[in-house]
Amino acid sequence: MKSGMLAAETINDALAAGRLHDDLVEYEQAFNNSWIYTELYQQKNWGPARHHFGEILGGIFSFIDINLLNGKLPLTLNDSQPDHAATLSKQAQKVYKDAEPINYPKADGVLTFNKLDSVFLSNTNHGEDQPCHLKLSDNDIPLKHLSEFNDGRSEPSLFYCPAGVYEKIENDSGEIKFQINSQNCLHCKTCDIKDPAQNINWSIPEGGDGPTYPNM
Ligand code: SF4
């Protein structure tokens with residue numbers, strides 16, 4: 001939100017100065033001078049430290065780096081593996097005990113809610129006739145994934161999408177279809193980043209609109 005405000009202020013200042021075609025390099029400067037940069041810089045080793053050294057040693061490293069040194073350790077740890085390559089296949093899940101599918105308790109409707117109820121409560125809405133903004137490079141890959149991930153129970157997107165956009169449908173004759181309910185999309189962009197085959201392409205919805213949140 002704050003970075004959006006900085007961008008809007010930069011654009012506004014440029015328009016007021018009649019600079020219609022300039023590169024707005026001052027946005028980067030404004031970002032680097034803001035508390036967003038300070039906070040992100042301070043936390044830069046948090047995730048990679050746990051990936052490199054494990055939960056306990058990584059936690060100790062992060063505590064010293066963030067809490068005692070305020071993120072000023074002259075060292076930046078990087079993750080060499082992209083996020084989408086970290087999704088474990090069915091074969092790999094048999095090797096890593098901590099990667100077994102989690103069976104969450106059913107939503108109780110009081111403190112916890114299922115995905116579709118949560119999407120309904122968010123009041124997200126897209127134009128009925130809007131073209132689907134989630135495109136597959138290869139339509140067959142999600143069905144192939146059904147046998148490669150989660151013991152054949154599910155294509156990974158059925159788990160990580162927080163809005164139940166991706167759905168496996170089986171008709172009476174046992175034929176399985178992969179369906180995209182783009183109306184429900186909350187635009188978190190997880191599918192674009194996390195899909196193991198990098199087969200899902202999230203694009204900006206029609207007119208750059210994004211969803212409508214009537215309650216906001
Ligand atoms: S952007 Fe987020 S909410 Fe939308 S389909 Fe992808 S994972 Fe689901």
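Predicted model: local features only at pLDDT ≥ 70, side-chain atom pairs only at ≥ 80, totals over all residues.

Q: Is Asp117 buried, exposed or partly exposed, and why?
A: The class follows from a count of C-beta atoms within 10 Å, where 20 or more means buried and 12 or fewer means exposed. Asp117 counts as partly exposed because 13 C-beta neighbours lie inside 10 Å. Its C-alpha atom and that of Ala107, 10 residues apart along the chain, are separated by 10.0 Å.

Q: What lies between helix H6 and strand E1?
A: A loop joins H6 (115–122) to E1 (134–136), and Asn123 lies in that loop. The phi angle is what to read at this residue. Most residues other than glycine have a negative phi. Asn123 has a positive phi, near 65 degrees, and is not a glycine. Asn123 is exposed, because 12 other C-beta atoms lie within 10 Å.

Q: Where is Gln198 found, and how many C-beta neighbours does it have inside 10 Å?
A: Gln198 sits in the loop that runs between helix H9 (190–194) and strand E4 (200–202). Gln198 has 14 C-beta neighbours inside 10 Å, so it counts as partly exposed. The phi of Gln198 is positive too, at about 50 degrees, although the residue is not a glycine.

Q: Which residue follows H4 with a positive phi?
A: That is Asn70, with a phi near 60 degrees.

Q: What span would a straight helix with the residue count of H4 have?
A: The idea is to compare the distance between the end C-alpha atoms with what a straight helix would give. For 23 residues at 1.5 Å a residue, a straight helix would span 33 Å, whereas H4 (residues 46–68) spans only 14 Å. The next thing to look for is a bend. H4 bends by about 130 degrees at Gly54.

Q: Which residues of H4 are buried?
A: In H4, the buried residues are Ala49, Phe61, Ser62 and Asp65.

Q: How should I read the chain as a whole?
A: Start with the order of its elements. There are nine helices and four strands. From the N terminus, they run α-α-α-α-α-α-β-α-α-β-β-α-β. Then look at burial and contacts. Of the 216 residues, 11% count as buried. Of the contacts between residues at least 6 apart in sequence, 59% join residues at least 24 apart.

Q: What makes up the largest nonpolar core?
A: In soluble globular proteins, nonpolar side chains tend to be buried together. Here the largest nonpolar core has 10 residues: Val119, Leu158, Cys161, Ala163, Val165, Tyr166, Ile180, Cys185, Cys191 and Ile200.

Q: Which residues does Ile200 touch?
A: Leaving out residues up to four places away in sequence, Ile200 touches Leu134, Leu136, Ser157, Cys191, Asp192 and Asp195. One of these, Cys191, is also a member of the largest nonpolar core.

Q: How many residues surround the ligand, and which are the closest?
A: A shell is read by listing its members and then sorting them by type. The ligand is surrounded by 13 residues, of which Cys161, Val165, Cys185, Cys188 and Cys191 are the closest. By type, the shell holds 10 nonpolar residues, two polar and one charged. Cys161, Val165, Cys185 and Cys191 are also listed in the largest nonpolar core.

Q: Where is Thr190, and which residues does it touch?
A: Thr190 is in helix H9. Not counting residues up to four places away in sequence, Thr190 touches Tyr160 and Cys161. The C-alpha atoms of Thr190 and Tyr160 are separated by 7.5 Å, with the two residues 30 apart along the chain. Thr190 is partly exposed, because 17 other C-beta atoms lie within 10 Å.

Q: What can be read at Val25 and Glu26?
A: Val25 is in the loop between helix H1 (2–16) and H2, and Glu26 lies in helix H2 (residues 26–32). Val25 is exposed, because 8 other C-beta atoms lie within 10 Å. Glu26 has 14 such atoms and is therefore partly exposed. From C-alpha to C-alpha, Val25 and Thr10 are 9.3 Å apart, and 15 residues apart in sequence. Glu26 and Ala14, 12 residues apart along the chain, have C-alpha atoms separated by 9.7 Å.

Conventions. Residues numbered from 1 in each chain as written. Near = placed C-beta within 6 Å. Nonpolar A, V, L, I, M, F, W, Y, C, P; charged D, E, K, R; others polar. Core = buried A, V, L, I, M, F, W, Y, C linked by C-beta atoms within 7 Å. Contact = placed C-beta atoms within 7 Å. Helix = DSSP H or I, 4+ residues; strand = E, 2+ residues; numbered from the N terminus. Expected span 1.5 Å × (residues − 1). Bend = angle between axes of the 7 residues up to and from the residue.
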